[in-house]
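Reader: Can you walk me through this model before I set anything up? I'd like plain answers with the cut-offs stated.

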Amino acid sequence: MIRLYRSGCAACEAVEIDVIGGWEMPPDTLWIDMIEPSHGEDAAVERALGLSIPTRAEMSELEASSRLYREGGATYVTADILHRGDDDLPGIDPVTFVLTTGPMVTIRYFDPRPFTMFTDKLEREPALCQTGADMFLNLMEAIIDRASDVLSGLGAKVEGFGVHVFSEGKTVGFKHLITKLGRAHIASARIEQSLAGLARVFAFVTVDDWFEHADEPREHLRSLSRDATSLIAHNQAVASGINFQLSAALGLINIEQSSIFKMFSIFTAVLMPPTLIGAIYGMNFEHMPELRWMEGYPMALGLMVISAAAPLLYFRRRGWI
C-alpha cells in the first residue's frame, strides 16, 4: 500500500494510490509512505524517482554502511522504531527514510503509533505540509515524543517494582517480580537501541544537502539530536534502577532461603539429642539397668527436655536466633 501526501491539497490528508497501469508522481508530492509494499509498488516508486528502494531484508541489516548511506543523489537512513509501546515487551522494527531533493519516502512493514500521531497532526495543521524536509523533521519529532512516553511509562513501572521489593510487612512474590524486572530490562534495551539508532540518523543527516543552507531546520534537527541524547541518559538511569532492584530481589531471595535453612538447622540441632536418647532407651537390651527403674521413664523424658533446651539457650546467647 502507498499513501501519498501532497502540498497542493486543501488539507494534508493521505491518499492511497494504485500503481497498476502506470503511475506518474504528482510534482507537488511531499511524502510517499510505503506500507508493506509489493514488488509492483516498489518498481513504480523506483521509476518515478529514479532511485532504488531497499528490500525488507536489506532494511534489517545491522551494518552502519547498510543503514546510513547516500546513493543516486538521495540519502538513505534506517532506524529501529518502537511499536506496541504500552505492552510489557514493546516491539522494535526498522523503518527506512529516503530523503530526496523532492519528496520524502518511508518504507515500513508495520504501523508504529508515531506515524498515526503525525498523520493526525497533519490533518489538524495543514501548514506543516511545506517541504519534504519539514515532513521528515516533524515525523522524527513524533517518533522521539513517543519514545519519551514509552520511557516514562517504563520508569513508572520500575519505580512501582522498587516499592514492592522494599515494602515491609508484605510477602513479595519474587518469581513474578523477577519476571517483570526481566521484561523491563528487555524493554529498556530496546528503547536504547531505538534511540541510539535515531541519534546516528540525526548525526548523519545534519550534513545533508537538505539542511546545508537552512538554519531553522538544522536547529530543529540539532534539538532532536539533543532530545535523543538526553533520553538515552534517562534510559540508562532506568536500566541502572532495574539492575539494582534485580540484585536486591536476588539478595532478598538468598536471605529468605538462608532463613529457611537456618530454621531447619536449628530444629535439627534441637531434636538430635532427644532423638539420640530415645534411640538408646528404645533398644530394649536385657542388661539395661534403667529399664527396671521406676524413675527411668521420667528420667529419659527429662533428659530429652534438657538436651533440647540446652542448644536453644546456647543459640540465643550467641545471637543466632
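Author: What follows covers the cavity, the salt bridges, the backbone and the surface.

Reader: What kind of model is it, and how are residues numbered?

Author: This is a predicted model, in which local features need pLDDT of at least 70 and side-chain atom pairs count only at pLDDT 80 or more, while totals for chains, interfaces and linings use all residues. Residues are numbered from 1 along each chain as its sequence is written, and side-chain values use heavy atoms, with hydrogens and water left out.

Reader: How many cavities of 30 Å³ or more?

Author: The search of the whole structure finds 1. A cavity here is a set of points, on a 1 Å grid over the protein atoms alone, where a 1.4 Å probe fits but cannot get out. The largest cavity holds about 40 Å³ of space, the volume being the space filled by probe spheres set on the points, with points joined across faces, edges and corners.

Reader: Which residues line it?

Author: The lining of the largest cavity is Ile 81, Leu 82, Pro 114, Ile 143, Arg 146, Ala 147, Ser 194 and Leu 198; a lining residue has an atom within 4 Å of a point. Two or more of the lining residues come from each of β5 (74-83), α5 (132-165) and α6 (174-205). Helices (H or I, at least four residues) and strands (E, at least two) are DSSP runs numbered from the N terminus.

Reader: Which element gives the largest share, and what is the lining by class?

Author: Helix α5 does, with 3 residues. By class the lining has 6 nonpolar, 1 polar and 1 charged residues. Nonpolar covers Ala, Val, Leu, Ile, Met, Phe, Trp, Tyr, Cys and Pro, charged covers Asp, Glu, Lys and Arg, and the others, Gly among them, are polar.

Reader: Arg 146 is in that list. What does its side chain meet in a salt bridge?

Author: Asp 86, at 3.3 Å from N to O. A salt bridge is a side-chain nitrogen of Lys or Arg within 4 Å of a carboxyl oxygen of Asp or Glu. Arg 146 is in helix α5 and Asp 86 in the loop between β5 and β6, so the pair ties together parts that are 60 residues apart in sequence.

Reader: Are those two ends buried or exposed?

Author: One of each. Arg 146 is buried, at 9% relative accessible area, and Asp 86 is exposed, at 53%. Buried means under 20% relative accessible area, exposed over 50%, and partly exposed in between, with a 1.4 Å probe and protein chains only.

Reader: How many salt bridges does the structure hold?

Author: The structure holds 9. One of them joins Asp 28 and Arg 6, with the closest N and O atoms 2.9 Å apart. This pair links distant parts of the chain, 22 residues apart: Asp 28 is in the loop between β2 (15-16) and β3, and Arg 6 is in strand β1 (residues 2-6).

Reader: And what about Arg 67 and Asp 80?

Author: Arg 67 and Asp 80 form a salt bridge, with the closest N and O atoms 3.2 Å apart. Arg 67 belongs to helix α3 (residues 64-67) and Asp 80 to strand β5, so parts 13 residues apart in sequence are tied together. Arg 67 is buried at 9% relative accessibility, and Asp 80 is buried at 7%.

Reader: Which residues are linked in a network of salt bridges?

Author: Asp 33, Arg 108 and Asp 111.

Reader: Switching to the backbone. Which residues have a positive phi without being glycine?

Author: Glu 36, at about 45 degrees, and Arg 84, at about 55 degrees, are among them. Most residues other than glycine have a negative phi. Glu 36 is in the loop between β3 (29-35) and α1, and Arg 84 is in the loop between β5 and β6 (91-99). Glu 36 is exposed at 51%, while Arg 84 is partly exposed at 46%.

Reader: Last topic, the surface. Which residues make a nonpolar patch?

Author: Met 263, Phe 267 and Leu 271 make one of about 310 Å². Patches use residues with over 30% relative accessible area and no salt bridge; like charges are joined within 9 Å, and nonpolar side chains (Val, Leu, Ile, Met, Phe, Trp, Tyr) within 5 Å. Accessible areas come from the Shrake-Rupley method with a 1.4 Å probe, and for residues only the protein chains shown count as cover. Met 263 is in helix α7 (residues 215-281) and is partly exposed at 41%.

Key: 1 Å grid on protein atoms, 1.4 Å probe; cavity = no way out; pocket = protein on both sides within 12 Å on 5 of 7 lines; lining within 4 Å.
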